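Please consult the sequence and coordinates while reading.

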Amino acid sequence: MGMGANIVLGAIADDFTGATDLANNLVRGGMRCLQVIGVPQQEVDLTDIDAVVVALKSRSCPVVEAVADSQSALEWLRQKGARQLFFKYCSTFDSTDKGNIGPVADALLEALDARQTVMVPAFPINGRTVYQGHLFVGDRLLNDSGMQHHPLNPMQDADLVRVLSRQTAHLVGLANRAVLAKGAEATRAHLTMLADQGVRHVICDSLDEQDLEILAEATVAMPLVTGGSGLGQALPAQYRAQGWLDMISEPGRLSPATGGALVLSGSCSRATLAQVADFLAKYPDGGFALDPLSLAEGEQQQTQALAFARQRLSEQAPVLIYASADPIKVTAAQQALGAARAGQLVEEALSQLSVTLVNEGVGRLLVAGGETSGAVVSALGITTLRIGEQIDPGVPWTQTPMAGREAPLSLALKSGNFGSVDFFTRAFEVLV
């Protein structure tokens, strides 16, 4: 076991922001949670930690790579003594006919010598539900929700039994709402009956939080469960019922936050654009816009952005550096530079600014955008995140130790579409 290890749940997430989403729900359920970036290569202090989430980039990579990375994460978590394993994927079941959900689940089951797992992608509070094995996004079937046009994982079939059957050679079954309505014991009996028939993967209906609570009770003894972050919020109560987990009064308690406050935004989602507009309405002189076309001409604009941020920080004034722009501007930049090059310029600029300004004393950093978050975390050399209290659904404050400074860095990493319109200002108000 690792330093101080007493791990109840070990989770393997197939992307970075999905890992944070699950970790956030585990804290809300009453677990003290640490997120690690990839499989740790050095000893990790797990003192006072109940759950660890390993964040991988395995959602859309080649199947062989996804399986290998997941197996490595599983081995590390087993070495830490995790009682139950959780394979976390997107609540819209993002995958293709080749994988990666089915092959990864098969590999984890084989490594654990387990004969069955459940598939629980539903996250009812965010509008993801499953009925008769069909996934809904709000009131639309998955294949009519916009996800059918996803560039990497187009979801053109809402029948998850059918979708998963194309990804695995093993039998796929269903635990429908009628079974769940009979309670946890009946659900457990149904799963056992399917297992006796050789059914290895069971898609589970879930329409509300009560369904997730029944599934958590029915599956708490399984070596491996899989799904979205909704199930993660229901599991801690079952761990307490088993006597595995104490009642923790403040599972998301972090050290006092110190240092300057900075917002970096690279997302161009509709929600983030509204958050940028709200910030600029409150602080008309508080924002500096980065333009990929200007960044491509040299270092001048980045130098100007750095000077702007330094001035605002010296005045203890709110500061936002953003490359978020409306679709017309984004399209123009992509046509001139290529989509990959335009994105790379923005990520490099924002990540370099984060390194310089954190080294100069920024202690509270909010980053908007999944790709930007990944670039900033990588540039700062962050390997672990202690999960704090939720700001908005799916977005908690986190803290990470930084070499050469006594106080940790407080960090909020926001997916583009997450957060209320006043997120860029309110996030700092709730951080103590």
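A cavity is a set of points on a 1 Å grid over the protein atoms alone where a 1.4 Å probe fits but cannot get out, and its lining residues have an atom within 4 Å of a point. The model discussed here is predicted.

Q: What is the volume of the largest cavity?
A: The count of cavities of 30 Å³ or more comes to 1. For the largest cavity, the volume is about 40 Å³.

Q: How many charged residues are in the lining of the largest cavity?
A: The lining consists of Asp 14, Ser 58, Arg 59, Phe 87, Asp 94, Asn 100, Ile 101 and Val 104. By class, 3 of the lining residues are nonpolar and 2 are polar, while the number of charged residues is 3.

Q: Is Cys 33 buried or exposed?
A: The count of disulfides comes to 0. Cys 33 is in no disulfide, and the nearest cysteine sulfur, that of Cys 90, is 18 Å away. Buried means under 20% relative accessible area. Because its relative accessible area is 0%, Cys 33 is classed as buried.

Q: What is the relative accessible area of Cys 61?
A: Cys 61 is in no disulfide; the nearest cysteine sulfur belongs to Cys 90 and is 15 Å away. Cys 61 counts as buried, with a relative accessible area of 14%.

Q: Which residues does Ser 255 touch, not counting residues up to four places away in sequence?
A: Ser 255 lies in the loop between helix H8 (229-241) and strand E12 (260-265). At 36% relative accessibility, Ser 255 counts as partly exposed. With residues up to four places away in sequence left out, Ser 255 touches Gln 399, Pro 408 and Val 432.

Q: What distance separates the C-alpha atoms of Ser 255 and Met 119?
A: Ser 255 and Met 119 are 136 residues apart along the chain. Their C-alpha atoms are separated by 36 Å.

Conventions: Residues are numbered from 1 along each chain as its sequence is written. This is a predicted model: local features need pLDDT of at least 70, side-chain atom pairs count only at pLDDT 80 or more; totals for chains, interfaces and linings use all residues. Side-chain values use heavy atoms; hydrogens and water are left out. On a 1 Å grid over the protein atoms alone, a cavity is a set of points where a 1.4 Å probe fits but cannot get out, and a pocket is an open set with protein on both sides within 12 Å along at least five of seven lines; lining residues have an atom within 4 Å of a point. Grid points are joined across faces, edges and corners, and a volume is the space filled by probe spheres set on the points. Ala, Val, Leu, Ile, Met, Phe, Trp, Tyr, Cys and Pro count as nonpolar, Asp, Glu, Lys and Arg as charged, and the others, Gly among them, as polar. A disulfide is a pair of cysteine sulfur atoms within 2.5 Å. Buried means under 20% relative accessible area, exposed over 50%, partly exposed in between (1.4 Å probe, protein chains only). Helices (H or I, at least four residues) and strands (E, at least two) are DSSP runs, numbered from the N terminus. Contact means heavy atoms within 4.5 Å.
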